[in-house]
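I opened the notebook to look up charged side-chain pairs and strand pairing. My entries follow.

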Amino acid sequence: MSVYQLKDTEIHKREAPLARAEQQKRLRGAVSNVERNARKGEYFTVDWDQGQGVALGDTVKVVLLYRQAATASEVYKMEREYPIAKRTGVTDFSLTGDEYKKNGRVLNWRSELYSGDQLLAYEQSYLWQ
């Protein structure tokens, strides 16, 4: 899982090329300052693999659980479900706009991969409890 935090909408030429590329990817299509500011926040990318032991055709569900600074003990949840017939994929989650401004940055997170109702794998930040 990779995590990217977009704090600044001004593109700096001196930054590392990979960081600048990620920033430009997240700001693509945002023309006005209002649109660019609405994209500030945190982005989570989950690369998943069901493995060999799972029958193709099962529903795949990727879940992101997280806590934010303003509501430290409350766990929020985002999920994506894919009724697909492939073993690998990439899922993007974004926490931007009013929700990010209101509740602040993500303090800790956990991502989970399900095939049907069976938990296949998970990854979590060091601070997750």
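I looked up K77 and E79 first. Their side chains meet in a salt bridge, N to O at 3.3 Å. My cut-off: a side-chain nitrogen of Lys or Arg within 4 Å of a carboxyl oxygen of Asp or Glu.

The model is predicted, so I kept its rules in view: local features need pLDDT of at least 70, side-chain atom pairs count only at pLDDT 80 or more, and totals for chains, interfaces and linings use all residues. Residues are numbered from 1 along each chain as its sequence is written, and side-chain values use heavy atoms, with hydrogens and water left out.

I checked exposure next. K77 is exposed, at 54% relative accessible area. E79 is partly exposed, at 34%. The classes: buried is under 20% relative accessible area, exposed over 50%, partly exposed in between (1.4 Å probe, protein chains only).

How many salt bridges does the rule give? I count two. R110 and E112 form a salt bridge, with their closest N and O atoms 2.7 Å apart. Are E112 and R110 buried or exposed? Both are buried.

Then I turned to the strands. I took strands as DSSP E runs of at least two residues, numbered from the N terminus. Two strands pair if DSSP finds at least two bridges between them. Four strands make an open sheet in the order 4-3-6-7, with antiparallel pairing. Strand 4 (71-82) and strand 7 (118-124) are the edges, each pairing on one side only.

I also followed strand 3 (residues 60-68). It pairs with strand 6 (residues 106-115) over nine bridges, in the antiparallel sense. L64 has S111 in strand 6 as its bridge partner.
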